[in-house]
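Here are my notes on the two-chain model. Please read them with the structure open.

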Amino acid sequence: MLSINNLHARVEDKPILKGVTLEVPAGEVHAIMGPNGAGKSTLSYVLSGRGGYEVTEGTASLNGEDLLSLEPNERAAKGVFLSFQYPLEIPGVPALTFIRTAVNAQRRARGEDEIAAPAFLKLAKEKAASLKIDFEMLKRGLNVGFSGGEKKRMEIFQMAMLSPKFLILDETDSGLDIDALKIVSEGVNALRSPDRGMLVITHYQRLLDYIKPDRVHVLAAGRIVASGGPELALQLEAEGYDKYVGAAA
Amino acid sequence: MSLASALKTGDVTELPSRRDEDWRWTDLRGLVRVLPESAPKFDGQVAAGPFAGLADGEILFVNGRHVSTNGQGEVMALRFVAATDKTSQGASYALVVEPGASLTLLESHEGRAAGYVTDVALDIAVGEGASLTRIVLVDDDAEAVDVVTARVELGAGATFNQTVLTSGARRQRIETHVAHPGAHAQVRLDGIYLLNAQRHADQTTVVTHDGVDGVTSQLTKGMVADQARGVFQGRIIVQPGADQTDARMGHHALILSDKAEIDAKPELLIFADDVACAHGNTIGALDEEAVFYARQRGIPELEARAMLTEAFVGEVVERIEHDGARELAAAWVAKQLGREE
């Protein structure tokens, strides 16, 4: 599924990622934990193709296909979905319009037929209900005036509609109260499947109580410095990142 | 100094130039060295206009001449068609909305030729308690020079709503003067310009509040790409004694290219006390974070930019009261941005 090999990236002249190597097989959920400034968000942006980051060395591929040479929308069409830490507000574009535009753009890019309006609406109603999203909200400007929890639910809703192959969740727990966290986690868990991989990026262990990872990696100073099972997250919660920050420096 | 007088006399020194303060961003003298010959009477058939099907009747001008008036009702199409290449033409039309009456005027300026010079002058009187909605769709040839000037006189308690939609021309000015009597009269004065290539569009408005308790709400939004140039000049004058005037002007524009230009001059001239007047003017680029967000969801870059631009100007479209005209305006915006369904 997702293979990252010796990935180096910098912002302007500042190296952020200094040789990340990681393999997430299909069907698995891997968590990336690490202190602030370790490069967690940079990793998610480099994988999704945001401007401003320069890859200086290494590779990243999904199912053997190179990602780094593709435009962000081409990566999306290949199945990469990044759930934003702070989803954007898009005034004037109703959520349904935005998502239908995205679904059809991805379908076109893959050489598939566009989805018909009735089929799209039926699917949207089903998925909205399962995420406890009021359907009326989908007719308003995307994320405009939504609470932090509503925005994250809207991210999960978009995932459910786009059905990506690989999910990257960037600090999905930030800004969520416990009820919102449960709903969002249930939404993510519903998307777990044998042919889909996930990378869950988080600072805190709390999210991993709800989205149980198969593997946990510690990212510090631009490198993976430790990997283990779910117990590693609990250990980090108890001990903090101090020893990794020291080891990486 | 006006295009109309230059067309009458054939004297190009009559054209407004950059030395005229109100025309310094829309210089006609510097562009038009020789006025083209006067347009001939047009004998051919004119295809249906953009508002066909929405209006009860149609008033048609071709090459500056009144050709026909068909039908009547509360929704009328008013068409000015330029049909002959490299000619000039001037037209004027007077319109009275009787007290208490209501009219939706669907006005189109249709360039069906190349490189013409055209001037249209409208005199509009809206009677006491009457209501006029004027939707102006300007579809000019890229090499055209076009000036449209409307003088609107409102009676007490009248309502005037206007939306101008334009894609520009080689040089183009849509100018609207509103004499606002106050006395519960209401004015909505909006515009959208979407310009690419070397197109130029100037929306100039002058609203004079003469009486107490009048309302003006103005919102113009635009986008310029390539080497296009958008001009917005909005002047609101509140005369002595025009108390309780509520006047708000907004002009907001996107510049999508380094070589494109926006010139904006909002002016509030207030000579009365106890008024609420405000203006806002912003010019910027698209939010690159929003563009990336859309692209990350699979929407290609050009489509993402067009979608965000469409949403940006959509606020102006939403203010159009007439359902058919609003849908047509939305479709026009989509078409200009290459987002036809």
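How many bridges join strand 14 of chain B to strand 16 of chain B? The points below start there.

1. The count is 10, and strand 14 (residues 229-238) and strand 16 of chain B run parallel. One bridge partner pair is B:Ile236 with B:Leu268, the latter in strand 16. Strands here are DSSP runs of E, at least two residues; helices are runs of H or I, at least four; both are numbered from the N terminus.

2. On provenance: this is a predicted model, where local features need pLDDT of at least 70, side-chain atom pairs count only at pLDDT 80 or more, and totals for chains, interfaces and linings use all residues. Residues are numbered from 1 along each chain as its sequence is written, while chains are lettered from A and ligands numbered from 1 in the order in which they are written.

3. The sheet in chain B is open and has seven strands, in the order 4-6-8-10-12-14-16, with parallel pairing. Pairing requires at least two DSSP bridges between two strands. Strand 4 (88-97) and strand 16 (261-270) are the edges; each has a single partner strand, so one side of each is left without a neighbour in the sheet. From one strand to the next, the twist averages 5 degrees (axes are lines fitted to C-alpha atoms; angles run from 0 to 180 degrees between N-to-C directions).

4. Chain A has nine helices and 12 strands. Its radius of gyration is 18 Å, which agrees with the value near 18 Å for a compact globule of 249 residues. That radius is taken over C-alpha atoms, and the globule rule is 2.2 Å times the number of residues to the power 0.38. Along the principal axes, the C-alpha atoms of chain A fill a box of roughly 55 × 40 × 35 Å.

5. In chain A, 42% of the residues count as buried, meaning 20 or more other C-beta atoms within 10 Å of the residue's own, with C-beta atoms placed from the backbone. Among contacts (C-beta atoms within 7 Å) between residues at least 6 apart in sequence, 71% join residues at least 24 apart.

6. Where do the chains meet? Chain A brings 21 residues to the contact and chain B brings 17 residues. Helix 3 of chain A gives the most to the chain A side, with five residues. By class, that side has 13 nonpolar, seven polar and one charged residues. Nonpolar means Ala, Val, Leu, Ile, Met, Phe, Trp, Tyr, Cys and Pro; charged means Asp, Glu, Lys and Arg; the others, Gly among them, are polar.

Methods:
Contact = placed C-beta atoms within 7 Å. Buried ≥ 20, exposed ≤ 12 C-beta atoms within 10 Å, placed from the backbone.
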